[in-house]
Amino acid sequence: MFKVARASQYLAITGAGIEDIKLSKKSWVFPWQSCTVFDVSPVNYTFKVQAMSAEKLPFVLPAVFTIGPRVDDDEALILYARLISPHDKESNHVHELVEGVIEGETRVLAASMTMEEIFKGTKEFKKEVFDKVQLELNQFGLVIYNANVKQLVDVPGHEYFSYLGQKTQMEAANQARIDVSEAKMKGEIGAKERTGLTLQNAAKIDAESKIISMQRQGEGTKEEIKVKTEVKVFENQKEADVAKANAELAMKKAAWTKDAQVAEVEATKAVALREAELQTQVEKMNALTRTEKLKAEFLSKASVEYETKVQEANWELYNKQKQAEAVLYEKQKQAEAQKAQADAAFYSKQKEAEGLVALASAQGTYLRTLLDAVQNDYSCLRDFLMINNGIYQEIAKTNAMAVRDLQPKISVWNHGGEQGGGSGNAMKDIAGLYKMLPPVLDTVYEQTGMQPPAWIGTLRGAEPKQVTNN
């Protein structure tokens, strides 16, 4: 039978072929297997937990927990299927189980806290209860999806919160009266007396509060230790009882199983013995008539089987031979192809090496011929090779491009012919000096943009520019 679970359901299958429990959304269920469908949607559990604080003040804690199986953990889901799924999620059994865990953890936690700490630290109290309850529910494969802890409620006969509200109202009224009285007080004496009284009362209240707090903490610690000890003793006693009951049950089961097996073996042997006796008598009566018939049947059957086996063996041997021949032929062809590829690669490399050797030999012969032609003059051979390979042309081109990038400015001045003889030769050096100044100044101006001082003169085509000495 093929079964399919809904979106919020799982199939728990046990039986033949399954070691423990098989969880699935859809599966075949055979006749020797058992299948149970269980729902994994969470359920709301509403409780009113009665607990007692460290001051031994009872109170009621209303709470609503949304609890369901942990669907994202396979081990937790198997625990839930084994322990909880046989019962209805909303049954008294499951409700009492969850309520017992929540009440136990809430009471132990409340016994270690004062009423003021529980009332003011509702958020922390809720988190502590949530964590401790979740730790206990893990062993059942359950998880808390949401926990809502409502306001604390007084237990009938212990109206702590009612008295606390009345106390707050009385303190507000008394404070109002004190404020009115203090407003009427005048003068420095009244203010100083009020200040001193306030300090004395504050010191007294602080001392009393510390004493009461230490006493309550000691009582709470003592009560917590006592509760933990009693719980541990109770758990140990329960474990011992369970172990004892399991041992007795195992011994009884073993005895029952032994008796049943002995009885079954005795019955089986008795039936087999009776059947053997009857069969012996029948065979004795029919032995003579069936002997020849059996011989003929066995002989013909053996002959047919022999011929069949021989044909099958021959056919199988033929097939294996053909397969072996096909594999051998394929391997031979692959080996031949690999050898051909290796020969081709070797031939190619060999020819390439021979070409390199021939090229090197030709270049050596060429160089020896040139060296003989220039009568072993290595400088002449170097110059020839550089000219033949265009090295000098490349050097000249590179130098020309470098000079062109510099962009030099070249000026050519013509001063006319020299006049010699007589007294004119005496002024020759001075005249040459004055003739050299214009081209020098013009070159400086073109290269740097600087003009000569005004006392020397002004260049043609240049704007006047004063040069100062720093």
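Glutamine 33 sits in strand E5, where helices (H or I, at least four residues) and strands (E, at least two) are DSSP runs numbered from the N terminus. The model is predicted, so to speak of local features a pLDDT of at least 70 is needed, side-chain atom pairs count only at pLDDT 80 or more, and totals for chains, interfaces and linings use all residues. Residues are numbered from 1 along each chain as its sequence is written, and side-chain values use heavy atoms, with hydrogens and water left out.

With a relative accessibility of 16%, glutamine 33 counts as buried (under 20% relative accessible area, with exposed over 50% and partly exposed in between, for a 1.4 Å probe and protein chains only). A polar atom of the glutamine 33 side chain lies 2.9 Å from the backbone oxygen of alanine 16; a polar contact is a pair of N or O atoms within 3.5 Å, where within protein one must be able to donate a hydrogen and the other to accept it, and residues adjacent in sequence count only if both atoms are side-chain atoms. Neighbours within four places in sequence aside, glutamine 33 is in contact (heavy atoms within 4.5 Å) with Ile13, Thr14, Gly15, Ala16, Ile18 and Trp28.

Strand E5 (residues 33-39) pairs with E2 in the antiparallel sense over seven bridges, two strands being paired if DSSP finds at least two bridges between them. Across this pairing, leucine 11 stands opposite valine 37, and glutamine 9 faces aspartate 39. On E3 (residues 22-24), which runs antiparallel to E2 and is joined to it by three bridges, the bridge partner of leucine 11 is serine 24. Six residues lie between the strands in the hairpin of E2 and E3, where glycine 17 takes a positive phi near 85°.

Together the three strands form an open antiparallel sheet in the order E3-E2-E5. E3 and E5 stand at the edges with a single partner strand each, so one side of each is left without a neighbour in the sheet. From one strand to the next, the twist averages 25°; axes are lines fitted to C-alpha atoms, for helices over the stretch in contact, and angles run from 0 to 180 degrees between N-to-C directions. Strand E2 (residues 9-15) is largely enclosed by the rest of the structure, because five of its seven residues are buried. Helix H1 (residues 74-83) lies across E2, E3 and E5, and runs at about 105° to E5.

Phenylalanine 47 belongs to strand E6 (residues 43-52) and is buried, with a relative accessible area of 2%. Residues up to four places away in sequence not counted, phenylalanine 47 touches Leu61, Pro62, Ala63, Phe65, His95, Val98, Glu99 and Ile102. Phenylalanine 47 and valine 60 are 13 residues apart in sequence, and their C-alpha atoms are 9.8 Å apart in space.

Helix H7 (residues 378-388) is capped at its N-terminal end by aspartate 377, a side-chain oxygen of which lies 3.2 Å from the backbone nitrogen of serine 379. After H7 comes glycine 390, with a positive phi near 75°.

The lining of the largest pocket draws its largest share, six residues, from H2.
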